[in-house]
Amino acid sequence: GAIAAGVPVLFRRQAPPDEPVTIPPLSPYDPVAVRRARRAMRRGEVGPRPGPHAALGLKAYAQATSPLRRYQDFVTHRQLRAVVGGQPPPYDLESLQRIAATYEEQERGSRQAERGSRDYWMLRWLEQEKRRAAPEPLRVQGAITGIEARGRTDIELCETLFVSSVPRRPGHAPGQVLELLVEQVNPRAGTLLLREE
């Protein structure tokens, strides 16, 4: 491919985790195992130097799936198309390094925007459900995914997989399912206040 032909492209690399990761089974869903696996994986990086991608198990990986979605893919398409057509690649190594630096910053912003949008709409839905349940409180279940040192218990709502936290109590343990009351929901502020029953 691109490496053998000496064509510079943007590669995605991901260092292996510090310890082996156990992939949780799809069924039954285990939020504790999913959180453990996610936290063990390292964040990927983009650059013109090829390297292994641990999650995919590849020695080198250049993403070129959707030039309409990601500029990085468009750059890879242009590089490969030029070489296949007998032309010199439009981007040299220095250009690719500049693109990679800009791309990582934009990708981080895109991830934050996507997460913010997803959280907003999930909170809007919970807000509507809270109104429908009134005057009764809205009850939800949440599985404990972790106990934090800062006095909080991390939970994942069973029905929606929305991640939140509640004040830590003695006896909380990962995997335990809590019965929770939705006290307050503010989609614009991105906040959800839960109380354990």
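Me: What does Ile 155 touch in this predicted model, leaving out residues up to four places away in sequence?
Reply: Ile 155 touches Ala 143, Ile 144, Thr 145, Phe 162, Val 163, Ser 164, Ser 165, Val 166, Leu 178, Leu 180 and Leu 194.

Me: Why is the pair of Tyr 71 and Phe 74 called tilted?
Reply: The ring planes stand at 40°, and planes under 30 degrees apart would count as stacked, over 60 as edge-to-face, so the pair is tilted, with ring centres 5.9 Å apart. Both residues lie in helix 3, three residues apart, about one turn of the helix.

Me: What makes the pair of Tyr 120 and Trp 121 edge-to-face?
Reply: The angle between the planes is 85°, and because planes over 60 degrees apart count as edge-to-face, the pair of Tyr 120 and Trp 121 takes that name, at 5.0 Å centre to centre.

Me: Why is Trp 121 called exposed, and why is Tyr 71 called partly exposed?
Reply: Trp 121 has a relative accessible area of 52%, and exposed means over 50%, so Trp 121 is exposed. Tyr 71, with 43%, falls between the limits of 20% and 50%, and is therefore partly exposed; Phe 74, with 34%, is likewise partly exposed.

Methods
Residues numbered from 1 in each chain as written. Predicted model: local features only at pLDDT ≥ 70, side-chain atom pairs only at ≥ 80, totals over all residues. Heavy atoms only, no water. Contact = heavy atoms within 4.5 Å. Phe/Tyr/Trp six-rings, centres within 6.5 Å; stacked < 30°, edge-to-face > 60°. Helix = DSSP H or I, 4+ residues; strand = E, 2+ residues; numbered from the N terminus. Buried < 20%, exposed > 50% of the residue type's maximum accessible area, 1.4 Å probe, protein only.
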